[in-house]
Amino acid sequence: MPDDPAGPGDDLRLGLTLSGGAAFAAAHVGVLRVLEERGIRPSIVTGTSSGALVGSCYAAGMGADELEDIAHRFRWSRIAGWNLRPRWAVLDSRVVVDAVGRVHGGDPRIEDLPRTFGAVATDLRTRQAVILDHGPLSTALRATIAVPGLLAPVRVGGRLLADGGMVDNVPHRAARHLGADRVIVVHLHAKWENVRMMRTSTKLSDLVADPSVVLIQPEMNRMSQWTMRDVPRLIDEGRRAAESALDRVSAISS
């Protein structure tokens, strides 16, 4: 792990977007491992749902070794507990506050993180994407993971917010909004995203055709989305997909 994972060596115009996908997000750790090995250091990070959980740790300056350790130790009880008054959902995400405190030594404000970070959630009234790029980190993470009916929505600034995947599970526009002119997009490629809950507002063919985008698509076939049993395989697949995508970019540019 580099001694200074976030700092002067970061590319100030390079963004990183991590899509949601429950346990599939362990693949993001493999991608980040490859970026670290190649000295590629985005300074702007956006994510939806579990992608935001991983992205927030990277934005806080964590290196690949620490991220991999967290992925192997992760349990769903760290982000959800039974809701004793289930008006909105069967589970409550308030345990995220404690989890953030354990991982970060407190509940940092997003604007104080070493890297620019934005978690994307959905405004349930307008059905529009909302970028949470300031305020307590735990609040933003609780909002972006709030799958309707499963985890209760979160009130932020008068808005009722839920999982960002309802409107855009690949929020690369948020990275542009925060200042990126080039974006590494990690799309967790799986059939489950075709269901109504998770949407990608941008056509993936448009991302492939955009020279300012590097699209990395780990394949999730035959891996578990809702248990942590495949974490090692998911990390390996993230590494494979990242190396393949970055090698293609190098070949094209050389």
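Arg13 is partly exposed in this predicted model, with a relative accessible area of 43%, and its side chain forms a salt bridge with Asp181 in which the closest N and O atoms are 3.4 Å apart. Because Arg13 belongs to strand 1 (residues 11-18) while Asp181 sits in the loop between helix 6 (172-177) and strand 10 (182-186), the pair ties together parts that are 168 residues apart in sequence. Asp181 is itself partly exposed, at 36% relative accessibility, and a network of salt bridges links Asp11, Arg13, Asp181 and Arg182.

| Pair | Closest N to O distance |
|---|---|
| Arg13 and Asp181 | 3.4 Å |
| Glu243 and Arg239 | 3.4 Å |

Glu237 and Arg240 are 3 residues apart in helix 8 (residues 231-253) and therefore separated by about one helical turn; Glu237 counts as buried at 12% relative accessibility, whereas Arg240 is partly exposed at 41%. Glu243 and Arg239, 4 residues apart in helix 8, are likewise separated by about one helical turn.

Asp123, in strand 5 (residues 116-123), is buried yet has no salt bridge, the nearest side chain of opposite charge being that of Arg159, 4.5 Å away. A polar atom of the Asp123 side chain does, however, lie 3.3 Å from the backbone nitrogen of Thr126.

The largest nonpolar core has 62 residues, and those with the most contacts inside it are Leu16, Phe117, Leu132, Leu141 and Ile216. Apart from this core lies another, of 10 residues, among them Leu178, Val183, Leu207 and Leu215.

Conventions
Residues are numbered from 1 along each chain as its sequence is written. This is a predicted model: local features need pLDDT of at least 70, side-chain atom pairs count only at pLDDT 80 or more; totals for chains, interfaces and linings use all residues. Side-chain values use heavy atoms; hydrogens and water are left out. A nonpolar core is a set of buried Ala, Val, Leu, Ile, Met, Phe, Trp, Tyr and Cys residues joined through side-chain atoms within 4.5 Å. Buried means under 20% relative accessible area, exposed over 50%, partly exposed in between (1.4 Å probe, protein chains only). Helices (H or I, at least four residues) and strands (E, at least two) are DSSP runs, numbered from the N terminus. Lys and Arg count as positive and Asp and Glu as negative; His and the chain ends are not counted. A salt bridge is a side-chain nitrogen of Lys or Arg within 4 Å of a carboxyl oxygen of Asp or Glu. A polar contact is a pair of N or O atoms within 3.5 Å; within protein, one must be able to donate a hydrogen and the other to accept it, and residues adjacent in sequence count only if both atoms are side-chain atoms.
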